[in-house]
Amino acid sequence: MRSHRSASATLLAVGALLTGGLTTTTAQAAETDTSARTVGASAQQRAAAFWTADRMRSATPLDLTASPGALKQVARSDRATTIAPTAAPAKTVGALAFPQAGGAWTGGGAVVKTSGRVFFTFQGRTASCSGNAVTSQNASTVITAGHCVKYQGSWHTNWVFVPAYNNGSAPYGQWTASKTLTTPQWEASEDINYDVGAAVLAPLNGQKLTAVTGAQGIQFNGGYNKAMYAFGFPAASPYDGSKLVYCSGNSSKDFLFSQDHSLGCNMTGGSSGGPWFTGFSESAGTGLQVSVNSFGYTFLPNRMFGPYFGNDAKALYDKAQVS
């Protein structure tokens with residue numbers, strides 16, 4: 001993998017096997033909104049046809065690096081906002097390992113259907129990330145990492161979400177994006193503190209996404225130092241992208257260069273954009289999403305970092321859920 005050498009830090013992607021005024025008219029806003037991309041019907045059709053089982057299995061790595069200027073101090077609000085899950089209850093299962101540095105998720109529950117692989121084309125090559133369906137007004141919103149929707153100035157194309165992906169199969173369908181979005185800070189300068197993305201998915205077979213998959217809750221400004229569960233579909237060695245993997249443990253705040261959450265976790269490329277939960281129930285497979293897999297430092301192995309969901313992440317979510 002490529003690395004970025006600087007006095008500040010060297011970052012290693014884990015998410016990519018490939019992340020106005022009240023009088024402004026809607027049309028004007030659309031023209032000036034550089035933090036979102038609308039996908040037309042014909043492009044959606046091409047994306048749906050593009051992703052065969054073989055292409056999904058062979059999606060190649062996409063490295064994420066961050067410049068020193070992207071690592072900034074960020075002021076945080078203490079006002080918490082919580083949106084509850086809408087996923088169906090699940091059968092009770094036995095307790096799993098906590099903490100867990102990385103292992104296949106065998107607990108079942110709602111997270112199996114709300115989590116999925118994200119596939120897209122980046123600069124002419126196929127790539128993948130992870131994502132998660134959340135409770136939303138449009139019942140069609142997925143949260144992922146910012147670099148899983150736009151990277152190096154380019155919006156990804158052929159963007160699809162495959163919930164409950166299983167070694168090339170899509171048991172609940174391949175859902176194409178009608179819009180992809182990211183935070184203004186990631187769009188402008190790829191600020192790692194704001195590496196959050198979202199996608200609004202078009203209906204499939206007359207149904208909206210979360211009517212099929214259920215949806216996890218989401219929380220903003222919930223604070224640091226929580227018991228966390230992180231999920232994703234890592235596809236770089238020792239993983240192969242074929243199954244849902246999780247890590248769990250007590251998180252902390254990055255003491256190095258970012259304002260991110262930090263969690264002991266050995267997930268690799270392809271896991272970026274996968275959800276982090278607090279208040280997670282192993283028996284039900286539900287929780288409140290408070291971050292996504294984003295990056296790791298090359299000199300600090302087996303530790304994952306994820307952006308803090310503050311006011312800007314909430315603004316992104318609010319924008320996505322009414323799109």
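**Burial, pairing and side-chain contacts in the predicted model**

Arg-57 is partly exposed, with a relative accessible area of 45%; buried means under 20% relative accessible area, exposed over 50%, and partly exposed in between (1.4 Å probe, protein chains only). The structure is a predicted model, in which local features need pLDDT of at least 70 and side-chain atom pairs count only at pLDDT 80 or more, while totals for chains, interfaces and linings use all residues. Residues are numbered from 1 along each chain as its sequence is written, and side-chain values use heavy atoms, with hydrogens and water left out.

Helices (H or I, at least four residues) and strands (E, at least two) are DSSP runs, numbered from the N terminus. The side chains of Arg-57 and Asp-54 meet in a salt bridge with an N to O distance of 3.2 Å; a salt bridge is a side-chain nitrogen of Lys or Arg within 4 Å of a carboxyl oxygen of Asp or Glu. Asp-54 counts as exposed, at 56% relative accessibility.

The count of salt bridges by this rule is three. In another of them, the closest N and O atoms of Lys-150 and Glu-187 are 2.8 Å apart. This pair links distant parts of the chain, since Lys-150 lies in strand E8 (residues 150-151) and Glu-187 in helix H5 (residues 184-189), 37 residues apart. Lys-150 is buried, with a relative accessible area of 7%, whereas Glu-187 counts as partly exposed at 22%. A further salt bridge joins the side chains of Lys-314 and Asp-318 (2.8 Å, N to O). Because Lys-314 and Asp-318 are four residues apart in helix H7 (residues 311-321), about one helical turn separates them. Lys-314 is partly exposed at 24% relative accessibility, and Asp-318 is partly exposed at 27%.

Helix H7 also holds Tyr-317, which counts as buried at 3% relative accessibility. Leaving out residues up to four places away in sequence, Tyr-317 touches Ile-83, Val-134, Thr-135, Ser-136, Ile-218 and Phe-220, where contact means heavy atoms within 4.5 Å. Tyr-317 and Ile-218 are 99 residues apart along the chain, and their C-alpha atoms are separated by 9.4 Å.

Ile-218 is among the residues with the most contacts inside the largest nonpolar core, which has 41 residues; the others named are Phe-120, Ile-143, Trp-159, Leu-201 and Phe-309. A second, separate core has 18 residues, including Ala-47, Val-111, Tyr-165 and Tyr-246. A nonpolar core is a set of buried Ala, Val, Leu, Ile, Met, Phe, Trp, Tyr and Cys residues joined through side-chain atoms within 4.5 Å. In soluble globular proteins, nonpolar side chains tend to be buried together.

The protein chain has seven helices and 21 strands. Of its 323 residues, 57% count as buried. The chain exposes about 12600 Å², of which carbon and sulfur atoms supply 51%; accessible areas come from the Shrake-Rupley method with a 1.4 Å probe, and for residues only the protein chains shown count as cover.

Strand E7 (residues 141-144) is covered on both faces: Thr-141 and Ile-143 are buried on one side, and Val-142 and Thr-144 on the other. In a regular strand the side chains alternate between the two faces of the sheet. E7 pairs with E6 in the antiparallel sense over two bridges; two strands pair if DSSP finds at least two bridges between them. Asn-132 stands opposite Ile-143 in this arrangement. E7 also pairs with strand E12 (residues 197-201), in the antiparallel sense and over four bridges. The bridge partner of Thr-144 in E12 is Gly-197.

Ser-130 lies in strand E6 (residues 125-133) and is buried, with a relative accessible area of 1%. A polar atom of the side chain of Ser-130 lies 2.8 Å from the backbone oxygen of Gly-270. Beyond four places in sequence, the residues that Ser-130 touches include Thr-144, Phe-233, Gly-270 and Gly-274.

Ser-291, in strand E19 (residues 286-292), counts as buried at 0% relative accessibility. The side chain of Ser-291 reaches the backbone oxygen of Pro-307 at 2.7 Å. Apart from neighbours within four places in sequence, Ser-291 is in contact with His-261, Gly-274, Pro-275, Trp-276, Gly-306, Pro-307 and Phe-309.

Technical notes: A polar contact is a pair of N or O atoms within 3.5 Å; within protein, one must be able to donate a hydrogen and the other to accept it, and residues adjacent in sequence count only if both atoms are side-chain atoms.
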